[in-house]
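Please look over the sequence and the structure before reading on.

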Amino acid sequence: MRGVIVAAAIFAGCVLGWAVGHGTARAGNLDSAFVDIWKPWLSDTHETVICFSTPMTASIQRVSKPFEPDSIPNRIAIMPNAEEAQQFSRQLNVPGGYFYLYPGLAHAKMGEALGSIKLAVNFTKAGVPIRAVESQYLNWDDFRSENIILLGHDEANRWVDPVLNKLPLRLASTSGDKPRRILNLMPQKGERAEYYPEYPKGKNQAAEDYALLSMINGVDGRHRLALVSGVNTEGTRMGLEYLTDPASLRSLVAALRKIDPGHSGNWQFQAVLHTELRDRVPMRPELLVIRKIP
């Protein structure tokens with residue numbers, strides 16, 4: 001699994017790196033709905049930054065024989081009893097043995113890696129260069145000088161909460177018996193105050209996911225900000241695919257036009273999406289909440 005994740009991240013990085021040095025075409029090569037939503041980004045030939053989340057993670061290694069004590073300082077032995085060891089092995093779908101934890105390793109979110117590829121390709125078609133960065137290496141000077149797309153939930157991307165703290169739709173981290181979730185501070189008729197996936201009984205994988213989309217002015221008023229925040233990484237992938245799929249974007253534009261039929265200029269909005277998951281793959285997205293931001 002780790003090899004697959006790293007491979008996806010490398011592939012995404014290669015696409016993003018290729019986007020920096022290639023692509024002199026303009027927005028005429030793109031679907032009109034994509035241009036309608038992303039117009040201010042495509043008309044700015046300056047670099048756009050895609051900021052990947054940096055979650056706190058660890059890697060688990062299984063070995064048939066135990067290592068010598070203190071042979072590697074950062075390695076932590078996991079010593080469950082026999083019943084726990086069997087359950088742990090079944091969850092990972094690996095044979096039993098000795099398990100060791102390696103904290104603080106770099107980790108790529110699969111949904112962010114896969115979902116960002118098509119977005120980078122579309123920006124390349126418009127001749128807009130893309131730079132990828134991890135959230136831990138971003139700083140406030142970047143927000144004053146570049147257009148930025150923030151990916152992931154606030155538990156893994158520390159820039160999300162400061163950007164959303166004055167908007168009607170926000171995120172909340174895991175707290176007590178409540179999972180991480182999307183908050184709807186002023187729910188309208190038929191809407192919920194909180195959105196989070198349900199987990200089937202006895203399973204640790206959700207059968208659904210949600211994403212919060214936010215497309216707003218940057219903190220300096222001149223640059224642009226977009227946030228694609230899945231409750232889980234599958235939701236982030238769904239959100240990125242929604243923002244690049246022509247049919248989905250046409251439905252989004254129609255929903256925004258319903259709110260403001262006479263609108264002209266750049267769209268600023270927030271939206272909540274829902275999707276069913278099949279083997280962790282997002283299916284058809286559903287638009288649940290839409291807010292036009294002044």
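Among contacts in the protein between residues at least 6 apart in sequence, what percentage join residues at least 24 apart? The share is 68%, where contact means heavy atoms within 4.5 Å.

## Basis and overview

This is a predicted model, in which local features need pLDDT of at least 70 and side-chain atom pairs count only at pLDDT 80 or more, while totals for chains, interfaces and linings use all residues. Residues are numbered from 1 along each chain as its sequence is written, and side-chain values use heavy atoms, with hydrogens and water left out.

The protein has 8 helices and 14 strands. These are DSSP runs numbered from the N terminus, with helices (H or I) of at least four residues and strands (E) of at least two. Of the 294 residues, 46% count as buried. Buried means under 20% relative accessible area, exposed means over 50%, and partly exposed is in between (1.4 Å probe, protein chains only).

## Helices H2 and H8

Helix H2 covers residues 32–42 and helix H8 residues 246–259; they pack at an angle of about 55°, with their axes 8 Å apart. That angle makes H2 oblique to H8. Axes are lines fitted to C-alpha atoms, for helices over the stretch in contact, and angles run from 0 to 180 degrees between N-to-C directions. Angles under 35 degrees count as roughly parallel, over 145 as roughly antiparallel, 65 to 115 as roughly perpendicular and the rest as oblique. The crossing of the two helices is left-handed, meaning that the near helix is turned anticlockwise from the far one by less than a right angle.

On the H2 side, Ala 33, Phe 34, Asp 36 and Ile 37 take part; they meet Pro 246, Leu 249, Arg 250, Leu 252, Val 253, Leu 256 and Arg 257 in H8. By class, this contact has 8 nonpolar, no polar and 3 charged residues. Ala, Val, Leu, Ile, Met, Phe, Trp, Tyr, Cys and Pro count as nonpolar, Asp, Glu, Lys and Arg as charged, and the others, Gly among them, as polar.

Ser 43 is in the loop between H2 and strand S1 (48–52). With 59% relative accessibility, Ser 43 is exposed. The side chain of Ser 43 reaches the backbone oxygen of Pro 40 at 3.2 Å. From C-alpha to C-alpha, Ser 43 and Val 128 are 8.4 Å apart in space, although 85 residues apart in sequence.

The side chain of His 263 reaches the backbone oxygen of Gly 265 at 3.2 Å, whereas that of Gln 268 reaches the backbone nitrogen of Asn 217 at 2.6 Å. Leaving aside neighbours within four places in sequence, His 263 is in contact with Arg 257 and Lys 292. On that basis the contacts of Gln 268 include Met 215, Arg 224, Lys 292 and Pro 294.

## Helix H7

Helix H7 (residues 233–242) is mostly covered, with 8 of its 10 residues buried. Among them are Thr 233, Glu 234, Leu 240 and Tyr 242.

Met 238 lies in H7 and is buried, at a relative accessible area of 2%. Not counting residues up to four places away in sequence, Met 238 touches residues including Asp 209, Tyr 210, Leu 273 and Pro 285. Met 238 and Leu 114 are 124 residues apart in sequence and 9.8 Å apart in space, C-alpha to C-alpha.

Key: A polar contact is a pair of N or O atoms within 3.5 Å; within protein, one must be able to donate a hydrogen and the other to accept it, and residues adjacent in sequence count only if both atoms are side-chain atoms.
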